[in-house]
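Have the structure open and follow along.

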Amino acid sequence: MISHWIAHEICSLKTVKARRTLLHKFIETARYCREYNNFHIASCIALALNSRPVQRLVKTWESLSHQDIMTSQSIEELIDPSRNMRKYRKSLANAKPPVIPFFAIFLKDLTFIIEGNPTYIRNKHYISSAPSTPTISTYPDSRESSIPSTPTTPSFPPSLHNSLNSYNSLPLSTMQEPLINFEKFRFLTKNIRNINRYTSESYSFINQLSRPPKILTSNFSLLSDQPDLINTYNSLINNNLSGNGCNNSINNIFNNGGGGSKPAPLDHIGEVIERRMFAAAGSIFGDNVTISMLNGNELEAELMTLSLEAEPAVNVI
């Protein structure tokens with residue numbers, strides 16, 4: 001939704017000068033986000049600037065300064081898909097908290113871990129190191145005369161005797177049951193712990209933000225069939241507000257759309273951006289913005305229409 005809004009804002013402007021000014025603004029915003037280790041917004045901006053409707057605005061890009069072009073290219077490295085997003089992952093690994101990772105990649109990693117690995121694995125419970133009982137047929141023909149007719153039982157060390165006894169004492173149903181794939185859950189735990197480590201510290205300007213985003217609260221009816229999610233959300237917001245010394249109550253948050261009598265300085269900026277994001281998508285989807293944003297084809301078609309209006313295609317003869 002953020003990427004669509006950014007592309008929509010740029011393609012909606014009618015003059016090259018206005019588009020250049022806004023494009024410069026988003027490039028600078030991405031640079032600051034990158035410096036503050038906000039990989040999520042920096043990547044969203046990079047995706048928007050690298051989208052087809054924005055990239056085809058040749059006159060707008062040509063009007064940018066060399067410094068803006070270089071900054072844009074450095075930010076685009078975050079969305080380089082080569083070698084499993086190696087450049088992004090390297091930057092993320094070297095970043096010090098507070099860090100906001102690119103949430104799409106985090107979810108993709110969790111999906112691959114959960115869906116790409118079995119929860120249970122085949123039980124291979126057998127003793128492969130136990131020596132077999134020798135028989136006459138296992139020896140060369142030249143030694144048959146020296147081998148007794150009755151095979152002897154080999155002698156095992158006490159430790160192997162104990163393991164054999166414990167193995168034989170296991171019920172057959174236990175040996176046939178699948179085993180838990182602990183390696184899958186180790187990977188899963190590692191990813192969750194990384195998120196906790198990234199968010200272990202707060203930004204210095206955290207006190208300038210006091211309200212939850214209206215993207216959730218203004219579409220509260222969409223969550224009405226998920227009481228557990230609502231209760232968890234209520235609890236998190238309540239703890240967060242009480243920890244920051246705010247006097248807003250949970251009822252005010254939901255009834256007033258995240259309102260409070262004393263909004264923090266950055267809240268107004270956030271509200272303006274959220275209204276514009278909904279307006280950009282609402283021109284197509286109306287009131288069902290949150291759900292219908294998943295339809296990327298209609299969004300792309302609208303952006304391309306705006307882009308062609310801003311800079312009409314040149315017919316090459």
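Start at Trp 61: leaving aside residues up to four places away in sequence, Trp 61 touches Leu 23, Leu 49, Val 54, Gln 55, Ile 69 and Ser 72, where contact means heavy atoms within 4.5 Å. Keep in mind that this is a predicted model, with local features needing pLDDT of at least 70 and side-chain atom pairs counting only at pLDDT 80 or more, while totals for chains, interfaces and linings use all residues. Numbering runs from 1 along each chain as its sequence is written, and side-chain values use heavy atoms, leaving out hydrogens and water.

Now zoom out. Trp 61 is among the residues with the most contacts inside the largest nonpolar core, along with Ile 6, Ile 10, Leu 23, Phe 26 and Leu 49; this core has 24 residues. A nonpolar core here is a set of buried Ala, Val, Leu, Ile, Met, Phe, Trp, Tyr and Cys residues joined through side-chain atoms within 4.5 Å, with buried meaning under 20% relative accessible area (1.4 Å probe, protein chains only). Two or more residues each come from α1 (2-12), α2 (16-35), α3 (39-49) and α17 (296-310); helices are DSSP runs of H or I, at least four residues, numbered from the N terminus. Apart from this core lies another, of 13 residues, including Cys 33, Cys 44, Met 85 and Ala 95.

Next, look at α6 (residues 66-76), where Asp 68, Thr 71, Ser 72 and Ile 75 are buried. Seen down the axis, the buried residues of α6 fall within an arc of 100°, so they line one face of the helix; the arc is taken from the directions from the helix axis to the C-beta atoms. Their cover includes α2, α3 and α5 (58-62).

Methods:
Buried < 20%, exposed > 50% of the residue type's maximum accessible area, 1.4 Å probe, protein only.
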